Amino acid sequence: MVDHQPFLSVPVPEETITVTTSYGPLYDGAPANRRRPMKEVLIVFSGLLMVALLVAIIGSRQPDFNAELPSGSVAMSRGKSAGVSEKTNHRLFSGVNVQDFPWDNSMLSWQRTAYHFQPQHNWMNGPLLYKGWYHFFYQYNPNGAVWGDIVWGHAASTDMIHWLHLPLAMVADKWYDINGVWSGSATVVDDDKVVMLYTGSTNDSVQVQNLAYPADPSDPLLVKWEKYPDNPVLYPPRGIRSDDFRDPTTAWLTSEKKWRIIVGSKINKTGVSFVYDTEDFKSYKLLDGVLHAVPGTGMWECVDFYPVSLNGDKGLDTSANGLGVKHVVKASLDDDRHDYYAIGTYDEKSSKWVPDHPEIDVGIGIRYDYGVFYASKSFYDSVKKRRVLWGWIGETDTETADVKKGWASLQGIPRTVVLDKKTDGYLLQWPVEEIEKLRLTKNEFNNVVVEPGSVVPLDVGPAAQLDIVAEFELDKKALERTTGSNAEFSCPTSGGAAQRGALGPFGVLVLADDDLSENTPVYFYITKESDGHLNTHLCADQSRSSVASDVDKRVFGSFVPVLEDEKLSVRILVDHSIVESFAQGGRTCITSRVYPTKAIYGAARVFVFNNATDANVTASLKIWQMNSAFIHPFQPDNHFNSGIKLSTNVVVSLLLLFFASVFLS
């Protein structure tokens, strides 16, 4: 039996709905067309007017990306050993004859996100908070949508959601960075002093560390930067290859009032982090040994080191140490392009860090994210007392498509990071609370019973920009009667959401079209061991996300700890070509890049499904439509106190957006 009508919002939480449908293409009708109540329209309109006022304050000119680039510079490929910049999808299609899909402008335009940060054009890849502004510096190619001519882009925001594009912070114009201004980190020394350490590639392609600082520390936007005239301040240590020394961390203050940093490297196949002390950020002492090393992990880049509290849910200043504090070491592995972390104990005197669990050490254990997520960097938000994590999200289509659409890659939604007090060895990552400002219309579906082999369409209107919070409960009788086994399960090696088991898969289909020819399942899969123990995995299946053949079709995912008294829960942020999933409060996270050709614009739908063979699933979901974040260019005339100037084109654009959201949804 097939129910062709989508569910409407359920106003009564206690009501239970049971639906039996067949798994597979079933939904061949458009969702019921319902006009929004006038109250909702007024709320949306009021919100847009407020945003218009904010936009008017910021200004609306074209971005100033005209910082001078050195003449005659040649973009050199960093290659496998050189870090995060170069596109790596050749690994996905290596040895495979893949034909380019005939992407049209409509499809490519839809892929650009609405509330994630990305440059206005071309290619991108250390955050900080200064005088009330969040600053984001990113690797950027102002000359094309592929890797090359890497300089530092710069944007600022008061909430990490609505951004102001600023002029380029630094360009490759010195002998010590002529082949690229690469990753670095900012340190706020005091209220009026910021220093930036960054990796430069010299005219001989040697990786060196350089110092830069604001030209005007009183400027909260930090628009102009100066490079230290005696750069470089650090060269590769003796015995280290010239292309294996990069990405200095934010500095932390020791008990001796010295600043300490680490820099990523490798010795043969062992990933390492060298430790340096400095008093002025100009001269450095290399300490004996390394902070930590893990054999077999290869080059460590974009290393990070920060404290987490054992007692509270607040973040800690990078210099915090002592009782009630653990430390996180994170490395981005150049060999597999994933970010790994481990929690352990730091001894300041010996400048050594020891993992609590060596079996899940850095590079061989837990990852920040089990999808497309790399080169992450955290910073301490001293105003809201939180640790915030940024991750770079690359493309998994082809460079041909990137050139056609004119841009490539973006940043994930910033995440707060705290120690998970309920498990041993995990962090909890969660989207910053500011993202909830973008929530619009809310739909609730409570106690939806989904039988084995069922797909249930949910009527939420347009489904390309969503914030989904979902909870699932498995039928307890099914759990008891399921026979256990010692068979291993892994999301990446499984058959995706089509692989049926007694207790899974079940979850949400996002970015799906009516007949499910394209869909991206985010789901749980539970296995039962012979002793009765349950193992839970969170997976994201890209194998059916697009009919195009020149995009990534892998299945992502990993184990997620679930405590006895916990419901299965996942939060999913959908923003056009990016899907970010956070299970069990953020213990396990997956970021997917998907490129549908049919499930776009008004044709995108969302479903809840259960493809288990022997268990009913009860699902409760809250789904919000998400507004677009307004990311605007810098207007030099309005840098400080030039007053409020309403821009006609901005207001018109907002009104058009308003009417489109009301009448076309």
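One disulfide is counted in the predicted model, a disulfide being a pair of cysteine sulfur atoms within 2.5 Å. The bond joins C491 to C539, with an S to S distance of 2.0 Å, and the link is left-handed, at -65 degrees about the S-S bond. C491 lies in the loop between α4 and β31 (506-512) and C539 in strand β33, so the pair ties together parts 48 residues apart in sequence. Helices (H or I, at least four residues) and strands (E, at least two) are DSSP runs numbered from the N terminus. Both C491 and C539 are buried, where buried means under 20% relative accessible area (1.4 Å probe, protein chains only). C302 is also buried, at 7%, as is C589, at 0%.

The model is predicted, with pLDDT of at least 70 required for local features and 80 or more for side-chain atom pairs, while totals for chains, interfaces and linings use all residues. Residues are numbered from 1 along each chain as its sequence is written, and side-chain values use heavy atoms, without hydrogens and water.

The chain contains five helices and 40 strands. Of its 665 residues, 59% are buried.

The second largest pocket is lined by 21 residues, with L479, L534, L563, E564 and E566 nearest its centre. A pocket is an open set of points on a 1 Å grid over the protein atoms alone, where a 1.4 Å probe fits, with protein on both sides within 12 Å along at least five of seven lines; lining residues have an atom within 4 Å of a point. β30 (465-474), α4 (476-481) and β33 (534-541) each supply at least two residues of this lining.

Key: Buried < 20%, exposed > 50% of the residue type's maximum accessible area, 1.4 Å probe, protein only.
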